[in-house]
Amino acid sequence: MANSLQAKKRARQAEKRRTQNAGMRSMMRTHVKRVVSAIASGDKAAATEAYTAAVPILDSMARKGHVHKNKAARYKSRLNAQIVAL
């Protein structure tokens, strides 16, 4: 456990950032799952709408460093290819 005041503060900051990051990751995954479920149902309009909502979230997560930029690009590319294939 942290002994100095500085170490205690850093521990508090780390815990706060961990919970915020977990929430952001969860939000990203939720948006991606909405697109995937719309694709699975075969509804192209709903899939396109969900995709347009998910793209800014993925871009934001990549910009903030929560996920690698290539991972965000890969998600977008694969989801869009599946929507086009409907």
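## A first look at Asp59

Is Asp59 buried or exposed, or does it sit in between? Asp59 turns out to be partly exposed, and its relative accessible area is 29%. Please keep in mind as you read on that this is a predicted model.

## Two salt bridges

Let's stay with Asp59 for a moment. The structure has 2 salt bridges, and one of them joins the side chains of Asp59 and Lys76 at 2.6 Å, N to O. Asp59 belongs to helix α2 (residues 44-64) and Lys76 to helix α3, so this pair ties together parts that are 17 residues apart in sequence. Lys76 is partly exposed as well, with a relative accessible area of 21%; buried would mean under 20%.

The side chains of Glu15 and Arg18 also meet in a salt bridge, here at 2.7 Å, N to O. Glu15 and Arg18 are 3 residues apart in helix α1, which means that about one helical turn separates them. Glu15 itself is partly exposed, at 39% relative accessibility.

## Positive charge on the surface

Now for a group of charges. Lys8, Lys9, Arg10, Arg12, Lys16 and Arg17 come together on the surface as a patch of positive charge. Arg17, one of these residues, is part of helix α1, which covers residues 5-41. With a relative accessible area of 46%, Arg17 is partly exposed; a residue counts as exposed at over 50%.

## Arg78 and Met28

Arg78 is found in helix α3, which runs over residues 69-85. How far apart are Arg78 and Met28 in sequence and in space? They are separated by 50 residues in sequence, and the distance from C-alpha to C-alpha is 15 Å.

Terms used
Residues numbered from 1 in each chain as written. Predicted model: local features only at pLDDT ≥ 70, side-chain atom pairs only at ≥ 80, totals over all residues. Heavy atoms only, no water. Patch = residues over 30% accessible without salt bridge, like charges linked within 9 Å, V, L, I, M, F, W, Y side chains within 5 Å. Areas by Shrake-Rupley, 256 points an atom, 1.4 Å probe, with all protein chains shown as cover. Salt bridge = Lys/Arg side-chain N within 4 Å of Asp/Glu carboxyl O. Lys, Arg positive; Asp, Glu negative; His and termini not counted. Charge placed at Lys NZ, Arg CZ, Asp CG, Glu CD. Helix = DSSP H or I, 4+ residues; strand = E, 2+ residues; numbered from the N terminus. Buried < 20%, exposed > 50% of the residue type's maximum accessible area, 1.4 Å probe, protein only.
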